[in-house]
Amino acid sequence: MVTIINTSIFLGFFPLIYVLKKENETFYSALKKRVYVFWVYLLSVPFIFARINNDTWFLIAAGRGIRKYGFTTKEFLSMHEGLKAIQQQYPISVSLSWLYDMLGQSGLILFAILIGLFASFVGYKLFKLITKDSTISVILTSFMMTCYGWLGFITTRPYLLSTTFLVLEIYLLESYIQSKNKHYLVGLPIVSFLMINTHASTWGMFFVFSLPFIVDMIHWKFNIPGYDYDSYKKGPVFFSLFISFLMGFINPYGIKAMTYVFKSYGVKEINEYVLEMEPIWKAFKPIPQSAVIFFGLFIVLGIMIYRIKPTKKFRNIYFILGTVFMAVLNSRNLIFWVFCAFYSFAYILSPKNYRPSVEKNEKPQKRLRKTEEIISQTYEEPTKIFKKDDFKRKLEVELQNQEETKKKQGKLKGKTQEKKCQGKTSNTKWMNLVLKGLLSVILGCAVYLNTVSIVNIVNTSVKYTEVFKYIRAQKNAVRLWCSYNTGGHAEFFGVKPYIDPRAEIYLKANNQKEDIFLEYYQLMENPAKNYKKVMNKYKFTHIFLKDEGKFYKYVKRDKNYKKIMEEDGYVLYEAINYK
């Protein structure tokens with residue numbers, strides 16, 4: 001509800017500014033004079049949309065483990081023994097654990113806000129570089145960050161941070177292309193180093209996002225007519241990308257981190273079970289705003305291309321095709337399409353394609369020529385007619401009379417128009433005052449609602465607190481079955497679960513022991529066939545699951561377990577012979 005109100009306020013700025021603009025102003029000049037409104041909104045976006053993600057809890061648990069054990073390759077969070085694992089997000093995990101231990105949930109919200117502000121800054125710098133216009137840039141960034149917020153990316157996980165590093169990569173490449181300054185390319189290996197260490201599974205995207213630039217450089221050799229090419233040295237770019245690849249080896253886990261993505265994605269069962277890994281059309285129903293954003297950006301881009309008819313660049317075309325394809329493959333890649341769309345908007349609105357008018361066209365006034373100019377053109381032979389001084393004196397008097405006559409006529413017209421527009425002007429002033437007052441009230445309400453929302457998030461206790469307090473109080477050994485979504489909470493409270501949201505950790509390709517996620521998937525899809533087999537294998541002392549679904553019906557009917565408590569729509573069962 002709060003996000004809907006804030007977005008409505010942002011969109012309401014445009015008609016409000018259009019109403020407030022003066023008669024001799026264009027809409028662009030009115031926006032430029034009131035651009036501070038968009039700056040205020042842009043800076044507030046991370047505060048509006050900052051949320052705590054479900055992954056946060058296993059990240060905090062992992063951070064505490066890293067602070068205790070160091071960079072170990074042994075899995076230390078789950079109940080399974082002998083699994084291999086790497087902590088591919090270790091700086092994020094350590095940061096979140098430290099912030100939570102110091103500041104509680106306020107520290108987590110602070111983390112999300114800082115990441116959001118960083119994403120806003122980098123996005124604005126890129127758009128300003130391309131458009132050369134701060135007004136257009138801040139509006140584009142505001143829209144982009146609003147889309148990020150609506151899709152739930154301004155949160156306590158590293159995905160927005162790694163995406164922002166990709167935006168920074170494009171900023172450095174565009175800066176080099178425009179300035180021919182090789183110093184910008186020094187930043188590429190640094191970005192590569194940051195990505196491999198903060199979110200190893202997305203490191204490969206660094207090179208995927210460089211592909212449109214590489215293809216653009218290849219097309220430059222063929223000089224295809226109808227396309228816009230940039231003239232710059234290509235060798236330094238390839239050399240910088242090569243150094244960026246070598247920087248990937250500088251991480252605690254070496255080549256394991258660099259190849260992590262190849263062992264973690266493309267698994268059919270994960271793609272079918274994890275919502276963000278499903279194709280985009282499957283996310284439209286549970287996340288309807290994703291459909292609005294996905295198709296809405298297409299429509300706006302099509303209209304802008306039709307109306308402005310920008311020059312074509314190969315890299316922009318490949319970015320659009322590539323990011324749309326990635327978004328279609330799985331819904332979490334929608335963030336790439338959102339960025340690419342606004343990156344394309346910035347190019348379309350660049351000086352090469354579009355120049356906004358600052359003032360309305362007015363009829364040019366005739367310039368009154370100086371007396372000396374008239375004399376030089378009119379007087380040719382003064383000795384034959386009359387003296388030059390007499391001619392000059394008479395001409396000056398005549399021009400003065402003409403100017404006085406024009407001034408009198410102008411005053412009469414002004415008074416007549418003033419009488420006609422007096423009622424209209426007074427109405428406009430009242431309307432401006434009412435609209436400005438309304439805007440102040442709305443902004444005040446928005447600030448209040450956002451403050452209340454953040455306070456509620458901070459003061460709300462972590463989910464399932466009572467359940468895990470009960471489990472931790474048990475003196476005997478605990479073997480806990482819990483669902484994919486609640487395993488992180490168990491680890492946060494110091495309980496080792498059967499599974500958690502790190503799906504890739506439970507694949508044999510990564511843990512080098514067994515495919516636990518596939519076992520879990522088969523149990524949830526077909527409990528009739530797999531229930532007894534899994535129960536006999538692990539002999540769980542406790543089962544914590546949602547009170548619905550096929551698996552729940554089997555647990556509910558199992559005489560070996562009794563119901564202990566319920567919390568937040570989940571039920572805890574305990575083995576009859578546990579104590």
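# Helix pairs, cores and a few loop residues

α6 and α7 cross in a right-handed sense. Keep in mind throughout that this is a predicted model.

Helix α6 covers residues 105-131, and helix α7 covers residues 134-150. Their axes lie 8 Å apart, and the packing angle is about 140°. The cut-off for roughly antiparallel is over 145 degrees. So α6 and α7 count as oblique to each other.

Who makes the contact? On the α6 side we have G116, A119, S120, G123, Y124, F127, K128 and T131. On the α7 side we have S134, I136, S137, V138, L140, T141, M144 and M145. By class, the α6 and α7 contact splits into eight nonpolar, seven polar and one charged.

Now stay at this pair and look at the loop. K132 sits between α6 and α7. Most residues other than glycine have a negative phi. K132 is partly exposed, because its relative accessible area is 48%.

There is another residue of that kind. D568 has a positive phi near 55°, and D568 is not a glycine either. Find D568 in the loop that joins β3, residues 561-567, to β4, residues 570-575.

Next pair: α8 and α9. Helix α8 runs over residues 159-179, and helix α9 over residues 187-198. The axes are 10 Å apart, at an angle of about 170°. That makes α8 and α9 roughly antiparallel, because the limit is over 145 degrees.

From α8, the contact uses L161, S162, F165, L166, L168, E169, L172 and L173. From α9, it uses G187, L188, V191, L194, M195 and T198. The tally for α8 with α9 is 10 nonpolar, three polar and one charged.

Q88 touches T198, along with N197, H199, A200, S201, Y260 and E504, sequence neighbours within four places left aside. Q88 itself is in the loop between α4, residues 56-69, and α5, residues 90-103. Is Q88 buried or exposed? Buried, because its relative accessibility is 8% and the cut-off is under 20%.

Helix α18 spans residues 314-329, and helix α19 spans residues 334-348. Their axes come within 8 Å and cross at roughly 160°. Therefore α18 and α19 are roughly antiparallel to each other. This crossing is left-handed.

The α18 residues in the contact are R315, N316, F319, I320, T323, V324, M326 and A327. The α19 residues are L334, F336, W337, C340, Y343, S344 and Y347. By class, α18 with α19 gives 11 nonpolar, three polar and one charged.

That brings us to the interior. Nonpolar side chains in soluble globular proteins tend to be buried together. How many residues does the largest nonpolar core have here? It has 147. The residues with the most contacts inside this core are Y148, W337, V338, F517, F540 and I543. Helix α19 gives the most to the core, with 14 residues.

Take W337. Beyond its neighbours within four places in sequence, W337 contacts I293, F294, L297, F298, L301, I320, T323, V324 and A327.

F517 takes us to helix α26, residues 516-525. Buried in α26 are I516, F517, E519, Y520, Y521 and L523. What covers them? The cover includes α15 (268-273), β1 (480-482), α27 (527-538) and α28.

Last stop is α28, residues 550-557, where V555 sits. V555 is buried, because its relative accessible area is 0%. Leaving aside neighbours within four places in sequence, V555 contacts Y531, I543, L545 and Y573. V555 and I543 are 12 residues apart along the chain, with 8.2 Å between their C-alpha atoms. And I543 is listed with the most-contacted residues of the largest nonpolar core.

Terms used
Residues are numbered from 1 along each chain as its sequence is written. This is a predicted model: local features need pLDDT of at least 70, side-chain atom pairs count only at pLDDT 80 or more; totals for chains, interfaces and linings use all residues. Side-chain values use heavy atoms; hydrogens and water are left out. Helices (H or I, at least four residues) and strands (E, at least two) are DSSP runs, numbered from the N terminus. Buried means under 20% relative accessible area, exposed over 50%, partly exposed in between (1.4 Å probe, protein chains only). Contact means heavy atoms within 4.5 Å. Axes are lines fitted to C-alpha atoms, for helices over the stretch in contact, and angles run from 0 to 180 degrees between N-to-C directions. Angles under 35 degrees count as roughly parallel, over 145 as roughly antiparallel, 65 to 115 as roughly perpendicular and the rest as oblique. A crossing is left-handed if the near helix is turned anticlockwise from the far one by less than a right angle, and right-handed if clockwise. Ala, Val, Leu, Ile, Met, Phe, Trp, Tyr, Cys and Pro count as nonpolar, Asp, Glu, Lys and Arg as charged, and the others, Gly among them, as polar. A nonpolar core is a set of buried Ala, Val, Leu, Ile, Met, Phe, Trp, Tyr and Cys residues joined through side-chain atoms within 4.5 Å.
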